[in-house]
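Q: I am new to this structure and would like to learn how to read its features one at a time. Could you take me through them slowly, giving the general idea before each case?

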Amino acid sequence: MKKDILSYTYEELQNEITLMGEKSFRAGQIYEWLHVKHAGDFARMSNLSKDLREKLAEEFDICTVSLVERQQSKLDGTNKFLFRLHDGNTVESVLMRYKHGASVCISSQVGCRMGCRFCASTLGGLERDLSTAEMLSQVYVIGEIIGERISHVVVMGMGEPLDNYDNFLKFVRMLTDGHGLHLSQRNVTVSTCGIVPKIYELAEENLQITLALSLHGSTQEKRKELMPVANRYELSEVLEACDAYFEKTGRRITFEYSLVGGVNDTVEDARELVAIAKPRNCHVNLIPVNPVRERGFEKPGKKAALDFQHRLIKAGVNATIRREMGADVDGACGQLRRRREVDALLEHPPAPREK
Ligand code: SAH
């Protein structure tokens with residue numbers, strides 16, 4: 001494969017271009033074509049000489065994602081996209097429309113190795129990390145398709161972003177770089193299942209992004225039932241890391257809590273969640289679990305979710321129930337891709353193995 005030019009930071013591109021014997025201002029032009037005008041082809045870069053365009057095409061690939069399927073919710077304007085990568089793998093992204101603008105949720109890996117019990121993305125394990133270009137391209141392509149500026153990005157799709165730390169970090173820096181799309185760092189959120197050393201590392205990066213921690217259980221025991229990562233890091237350690245992130249960045253932490261009917265939605269669970277959230281400057285985002293065919297967990301009833309939320313609010317905790325976006329499309333992480341795989345298997349079942 002040729003070099004992946006879309007993963008080069010502005011400074012890296014300047015280096016490459018001067019090494020090719022070109023003037024460094026050319027890097028600015030190329031960067032703008034790639035990251036502002038979203039050119040998927042060097043031939044479009046009309047302010048470069050034909051000679052330079054050809055040289056670039058010989059050395060570099062522009063690794064964008066390409067659209068396979070788009071589902072549009074009739075209920076709330078949520079769009080779900082399935083994208084193909086250059087090696088044939090597929091990932092999902094979601095567009096949500098809010099009053100404050102267009103928000104895109106991107107994937108950071110093909111599959112995931114974290115094994116959360118209710119999550120579809122993890123069913124087939126981790127296939128591979130996404131490159132920085134593949135993460136950026138999800139945002140760019142959606143922006144091009146809808147013809148609007150994307151103002152918010154959440155890294156909450158398939159994969160564990162802090163398990164693909166270097167590419168993820170570069171993605172954030174490039175997305176918020178003044179030479180590119182120039183999103184405000186405050187409009188970027190990363191969601192993690194709680195990889196403690198990486199949370200500390202992120203706190204030191206001098207960024208203003210929001211950290212969302214997937215909590216899902218308010219005791220070590222409950223968390224262990226739902227999230228294998230809890231076997232590695234104790235809940236108390238994870239919370240200390242979140243506190244350190246807040247101390248360092250001043251950014252309020254979001255705790256995500258997928259409500260699973262009969263598993264973590266009891267009065268006792270609410271009480272323990274209050275004990276965690278009350279003393280902290282945080283926001284609790286309740287997500288009624290999206291049942292995944294293979295997992296068998298149940299969504300709590302509407303009333304149960306509202307009761308749970310009210311218990312938190314009454315105790316002085318800032319809690320919202322995530323608006324159920326795109327309930328009529330394959331809503332939860334990894335479900336669209338999963339359905340595609342299952343459909344493909346039904347159409348082309350694997351040949352029976354020889355004895
Ligand atoms: N790996 C990261 C980000 C990806 S998932 C993380 O764990 O945070 C984004 C959020 O959706 C996480 O809180 C995840 O636990 C939650 N989630 C995944 N599958 C879900 C489902 N079926 N129902 C509800 N929430 C789900």
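Q: Is S151 buried or exposed?

A: Buried means under 20% relative accessible area, exposed means over 50%, and partly exposed lies in between, with a 1.4 Å probe and protein chains only. S151 has a relative accessibility of 14% and therefore counts as buried. This is a predicted model, in which local features need pLDDT of at least 70 and side-chain atom pairs count only at pLDDT 80 or more, while totals for chains, interfaces and linings use all residues. Residues are numbered from 1 along each chain as its sequence is written, and side-chain values use heavy atoms, with hydrogens and water left out.

Q: Which strand holds S151, and which side chain does the side chain of S151 join in a polar contact?

A: Helices (H or I, at least four residues) and strands (E, at least two) are DSSP runs numbered from the N terminus, and S151 lies in strand β9, residues 150-155. A polar contact is a pair of N or O atoms within 3.5 Å; within protein, one must be able to donate a hydrogen and the other to accept it, and residues adjacent in sequence count only if both atoms are side-chain atoms. The side chain of S151 has such a contact, of 2.8 Å, with the side chain of H152.

Q: What polar contact does the side chain of E16 make?

A: The side chain of E16 reaches the side chain of K3 in a polar contact of 3.1 Å. E16 belongs to helix α1, residues 10-19, and counts as buried at 17% relative accessibility.

Q: Where is H216 found, and is H216 buried or exposed?

A: H216 is found in the loop between β11 and α7 (220-226), and it is buried, with a relative accessible area of 5%. H216 also has a positive phi, near 65 degrees, in a residue other than glycine.

Q: Which residues come nearest to the ligand?

A: A residue is near a molecule if one of its heavy atoms lies within 4 Å of it. There are 19 residues around the ligand, of which E160, S191, S214, H216 and N290 come nearest. A polar side-chain atom of E160 is 3.0 Å from a nitrogen atom of the ligand. An oxygen atom of the ligand lies 3.3 Å from a polar backbone atom of T192, and an oxygen atom of the ligand lies 3.3 Å from an N or O atom in the side chain of E256.

Q: How much of the ligand does the protein bury?

A: Accessible areas come from the Shrake-Rupley method with a 1.4 Å probe, and for residues only the protein chains shown count as cover. The ligand taken alone exposes 530 Å², and the protein buries 96% of that. The elements giving two or more residues to the shell are β10 (188-192) and β12 (253-259).

Q: How do the residues of the shell around the ligand divide by class?

A: Ala, Val, Leu, Ile, Met, Phe, Trp, Tyr, Cys and Pro count as nonpolar, Asp, Glu, Lys and Arg as charged, and the others, Gly among them, as polar. The shell around the ligand has nine nonpolar, eight polar and two charged residues.

Q: What lines the second largest pocket?

A: On a 1 Å grid over the protein atoms alone, a pocket is an open set of points where a 1.4 Å probe fits, with protein on both sides within 12 Å along at least five of seven lines, and lining residues have an atom within 4 Å of a point. The lining of the second largest pocket includes R113, D163, K198 and Y233, and it divides into six nonpolar, no polar and four charged residues.
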